[in-house]
Amino acid sequence: MPAAQKVCVIGAGSSGIAACQVLGARGIAFDCLEKGSEVGGNWRYENDNELSSAYRSLHINTSRGLMAYRTYPMPDDYPDYPNHFQIARYFDDYVDHFGLREKIRFRAEVLSVVPVDGEWEVTVQARDGDRESRRYRAVLVATPDRGAKWLPRKRTHVYRSEKNIPRPTRRQLVRTARTFLHQPYVWAGRSGFAFDCSGLTGTVYQVHGITIPRDSGPQAQDPRARRVPASSLRAGDLLFYSHSSDADDIFHVAMYVGHGRMIEAYDHLTPVRVTPVRLGDSYWGAVRYLHR
Ligand SMILES: Cc1cc2nc3c(=O)[nH]c(=O)nc-3n(C[C@H](O)[C@H](O)[C@H](O)COP(=O)(O)OP(=O)(O)OC[C@H]3O[C@@H](n4cnc5c(N)ncnc54)[C@H](O)[C@@H]3O)c2cc1C
């Protein structure tokens, strides 16, 4: 079947494979393009897509009953809070059970999705460097509340690559961060509907085409980030809090918004808030990603 009659699913993480299963069950033809060599996305420890935040001791913090797909329960012999190896195996089993694996193209990174003549031109680069563009009738975007969403054209900008996205001003970063005010705190959240601390700061930068590490410690230690003293903070700078002077003990990050205040996703009792900067004992320091 020509690609133009198919749907393109980008990514074979937990969302992508669920999308494939539902499309398959409804008889809708699709291609799934996956950057890495395996399914599972974030849950694949040491994933060769280099995007996974899974660490050696990671277990789920939502119970297996809550996290499992309704169409495919987790095995009875799994503990209530399985580790990442068990979760990755569960996703492998899910994909094989529904016969999805052969429909997933692995080591295929989507470089751009551009609307052309009522279709979507998807450009993919294989691991060996080969590049090709295909037209699809639809590209599936998963949203956290499960609905399909439409963006007004005037608020949509299409860039051929991340490099082409204009560098944001400090004011734009703050404006973006403020759009997330009052969203709930969820550990590991970075959906736009709920955040943890580094999910908030990472998302704000990513919206403007700057991908910074997922977690607070690595955000502080990224080679692109320069340390800045508290006396010369500028909007957009990231402030870090640690159990010691060691960056590996960082447990919290917030973003400076000017006038002695910062925006943060603080804890599960506190929706995203703007609050005075705290420079007490646990303040570790600040870094700057925007150098002009
Ligand atoms: C430390 C940590 C702990 C967590 N704990 C829990 C928990 O206990 N319970 C829970 O429910 N959730 C938890 N989460 C959240 C959960 O991991 C995510 O919600 C989930 O992984 C999202 O699935 P996804 O498929 O949307 O994204 P991902 O898992 O990130 O998968 C995205 C996939 O898309 C692929 N991809 C990305 N870009 C491209 C591209 N350009 N071209 C082709 N492919 C691409 C990637 O290679 C990847 O395979 C946790 C997250 C973290 C970081």
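The model is predicted: local features need pLDDT of at least 70 and side-chain atom pairs pLDDT 80 or more, while totals for chains, interfaces and linings use all residues. Residues are numbered from 1 along each chain as its sequence is written.

**Exercise 1.** Find which residues of helix H4 are buried, and where they lie around the axis.

*Solution.* Step 1: in H4 (residues 170-178), Leu173, Val174 and Ala177 are buried (20 or more other C-beta atoms within 10 Å of their own). Step 2: they lie on the same side of H4, because they cover an arc of only 95° around the axis (from the directions of the C-beta atoms).

**Exercise 2.** Describe the shell around the ligand.

*Solution.* Step 1: the shell has 26 residues, of which Gly11, Gly13, Gly41, Asn49 and Ala188 come nearest (near means a C-beta atom within 6 Å). Step 2: helix H1 (14-25) and strand E4 (108-116) are the elements that give two or more residues (helices are DSSP runs of H or I, at least four residues; strands of E, at least two). Step 3: H1 gives the most, three residues.

**Exercise 3.** State the secondary structure and extent of the chain.

*Solution.* Step 1: the chain has six helices and 13 strands. Step 2: its C-alpha atoms fill a box of roughly 60 × 50 × 35 Å along the principal axes. Step 3: of its 292 residues, 31% are buried.

Definitions and conventions. Buried ≥ 20, exposed ≤ 12 C-beta atoms within 10 Å, placed from the backbone.
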